[in-house]
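Please report on the packing and local backbone features of this model. Cover the sheet, the helices and a few loop residues.

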Amino acid sequence: MRPSRRAVITTATAAAVSATSTASAAQRRGQLRTGFERLAHDGYALLDGQKTGIVTNPTGITREARHIVDVMHADTRVDLRAVFGPEHGFRGTAQAGGSEGRHDDPATGLPVYDTYLKSGRPLADVFTASGVDTVVFDIQDVGARFYTYIWTLYDCMEAARLAGKRFVVLDRPNPVTGRAALGPVLHKEFATFVGRQPIAQAHGMTVAELARLFNGEFLPEPVPLETVTMSGWRRSEFYDASGLPWVPPSPNMPTPETALVYSGTCLFEGTNLSEGRGTTRPFELLGAEGVDRRWAAAANELALPGVRFREAYFAPTFSKFQGKTIGGVQVHVHDRAAFDPVRTGIALLVTAKKAWSGFAWRPDNWIDKLTGSARVRTMIDAGAGTDEVVAGWQEDLAAFRRTRRKYLLYR
C-alpha cells in the first residue's frame with residue numbers, strides 16, 4: 001500500500017519543529033551546526049543498525065576540514081559500506097561533464113560507485129548492488145536550478161525508493177541565502193539534468209528543503225525520507241556567516257562570490273560568449289572577441305541594484321576562446337543584499353545583444369534548458385527589455401513561491 005505524502009514527511013516536519021528551538025539556542029551561541037555535525041553529536045543514532053552508503057563529494061567536510069567519509073569510516077558507531085560519487089566525482093578529480101567511475105577509495109578502501117548520468121532503475125540497481133540499507137546525501141549546493149547536484153539528489157531519492165532503501169539528507173546552508181525564489185520556473189517539456197522539475201532558477205532553498213519539496217510534489221511515489229536540519233542558520237545569512245570552510249563544489253565554483261552571481265551569469269553558457277571558464281573568476285568575467293567598452297557602459301546605464309560592471313579583458317586557459325585575449329565585463333557586486341542575480345543575468349544578455357553585433361545563442365538553444373522555456377530567448381530576440389522579460393515569468397514564480405513555502409524549515 002502506498003504511504004501518504006503526509007505520513008512520509010511527518011518525521012522531517014517534526015524534526016523541523018524541534019530544530020527551531022535548537023536553532024535559536026545555537027544562534028545565541030553564534031554557532032551554526034550542519035546536518036552532519038548534529039548527526040555526529042547524536043552518536044549517529046539515526047544510522048544505528050543500518051548498513052549505510054553516502055552520496056557526497058569534496059564539500060562533505062567538517063568545520064575542521066576533514067571529509068565526513070573519513071570521519072565516519074573511522075567511527076565504530078557507523079556501518080559505512082559504500083560511497084556514491086556525483087558529477088566531478090567523490091574526491092573531485094573530474095572536470096565538468098565527467099566523473100570518477102567505479103573504484104575503491106585509496107584512503108578508506110570503501111567501494112565508490114558512480115551515479116553521474118544514472119537515474120531510475122539503473123541507479124536503483126547501483127544501490128541494490130552496494131548492499132546498503134540507508135542512503136545518506138551530503139553535498140553543498142549553490143542555490144541555482146541548473147547546478148546538477150540537486151538533480152543528483154532527486155535521482156537518488158527516486159532510485160532509493162525503487163530499491164527499497166531509506167533516504168537521509170544532511171543539510172548545509174544555501175550560500176546565497178534562502179530569502180526568496182527568483183527567476184523563471186522550468187516548464188516540464190524542457191526538463192533535462194540541469195532542471196528535472198518546475199522550480200525557480202534561483203530556488204532559495206536548502207537541500208533538505210528541496211528533498212521535502214521533491215518528495216511532496218514531484219516524485220511519482222515518495223521515498224522514506226528523513227532530514228537532519230542545521231541549527232543556528234537563518235535564511236538571510238550568506239555563507240561567510242556560517243563559519244564553515246568553503247570547498248569548491250565543482251572546479252568552476254571557486255568561491256562563495258562565484259555562487260552569488262552564478263544563477264544569473266551561467267545563462268551565458270547558452271551563448272557564444274565566454275562565461276569565464278578558464279579564468280580565475282568564472283561567471284564573474286564574461287566576454288568574446290570583438291566586445292569592447294560599450295557593453296560595460298550599457299550595463300551600467302541600467303543602474304541595477306547592488307552591482308557595477310567593469311570593462312575587462314582576459315584570456316581563458318580552456319573552454320571558449322582558449323588562449324585568446326577577449327573583451328567583456330567583470331561583474332562587481334557591492335551590495336549583495338540588494339543584488340538580484342537573475343535580473344542581472346537577463347540585463348547582461350539584453351545589453352550584450354545590443355552592444356555586440358556578433359552575439360548569438362548556442363545552436364542547440366541550450367539557453368532554453370537553462371531558463372526552463374523558450375520564452376527568454378524569443379523575447380530577447382524580439383527586442384524586449386530587461387523589465388519586460390522579467391515580467392514574463394512572474395505568474396509562474398508566484399505559484400512556485402506558494403508551493404515552496406510549505407517545505408521551508410528555517411526562519
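Does Ala303 count as buried or exposed? Ala303 counts as exposed, because its relative accessibility is 61%; exposed means over 50% relative accessible area, buried under 20% and partly exposed in between, with a 1.4 Å probe and protein chains only.

This is a predicted model, in which local features need pLDDT of at least 70 and side-chain atom pairs count only at pLDDT 80 or more, while totals for chains, interfaces and linings use all residues. Residues are numbered from 1 along each chain as its sequence is written, and side-chain values use heavy atoms, with hydrogens and water left out.

**Loop residues**

Ala303 sits in the loop between H9 and E11. Helices (H or I, at least four residues) and strands (E, at least two) are DSSP runs, numbered from the N terminus. Ala303 is not a glycine, yet its phi is positive, near 50°. Asn365 also has a positive phi without being a glycine, at about 55°. Its loop runs between H10 and helix H11 (366–371). Thr206 is found between strand E8 (200–202) and helix H7 (207–218). The table gives the accessibility of these loop residues.

| Residue | Relative accessibility | Class |
|---|---|---|
| Ala303 | 61% | exposed |
| Asn365 | 26% | partly exposed |
| Thr206 | 1% | buried |

What surrounds Thr206? Leaving aside neighbours within four places in sequence, Thr206 is in contact with Asp171, Arg172, Asn174, Met230, Trp233 and Tyr410. Contact means heavy atoms within 4.5 Å.

**The sheet**

Three strands form an open sheet in the order E10-E12-E11, and the pairing is antiparallel. Two strands pair if DSSP finds at least two bridges between them. At the edges are strand E10 (285–288) and strand E11 (307–314), each pairing on one side only. From one strand to the next, the twist averages 25°. Angles run from 0 to 180 degrees between N-to-C directions, and axes are lines fitted to C-alpha atoms, for helices over the stretch in contact.

E11 and strand E12 (residues 326–333) run antiparallel and are joined by eight bridges. Arg308 has His332 of E12 as its bridge partner. Helix H9 (residues 293–301) packs on the sheet and touches E10, E11 and E12. The direction of H9 makes about 175° with that of E11. Helix H10 (residues 341–355) also packs there, touching E10, E11 and E12. For H10, the angle with the direction of E11 is about 50°.

**Helix H8**

Helix H8 (residues 256–265) is mostly covered, with eight of its 10 residues buried. Among the buried residues are Leu260, Val261 and Tyr262. Their cover includes E8, E10, E12 and H10.

**H6 against H7**

How do H6 and H7 pack, and at what angle? Helix H6 (residues 149–163) packs with H7 at about 45°, and their axes are 10 Å apart. H6 is therefore oblique to H7; angles under 35 degrees count as roughly parallel, over 145 as roughly antiparallel, 65 to 115 as roughly perpendicular and the rest as oblique. The crossing is right-handed, which is the case if the near helix is turned clockwise from the far one by less than a right angle.

H6 contributes Ile150, Trp151, Leu153, Tyr154 and Met157 to the contact. H7 contributes Val207, Leu210, Ala211, Phe214, Asn215 and Phe218. By class, this contact has 10 nonpolar, one polar and no charged residues. Ala, Val, Leu, Ile, Met, Phe, Trp, Tyr, Cys and Pro count as nonpolar, Asp, Glu, Lys and Arg as charged, and the others, Gly among them, as polar.
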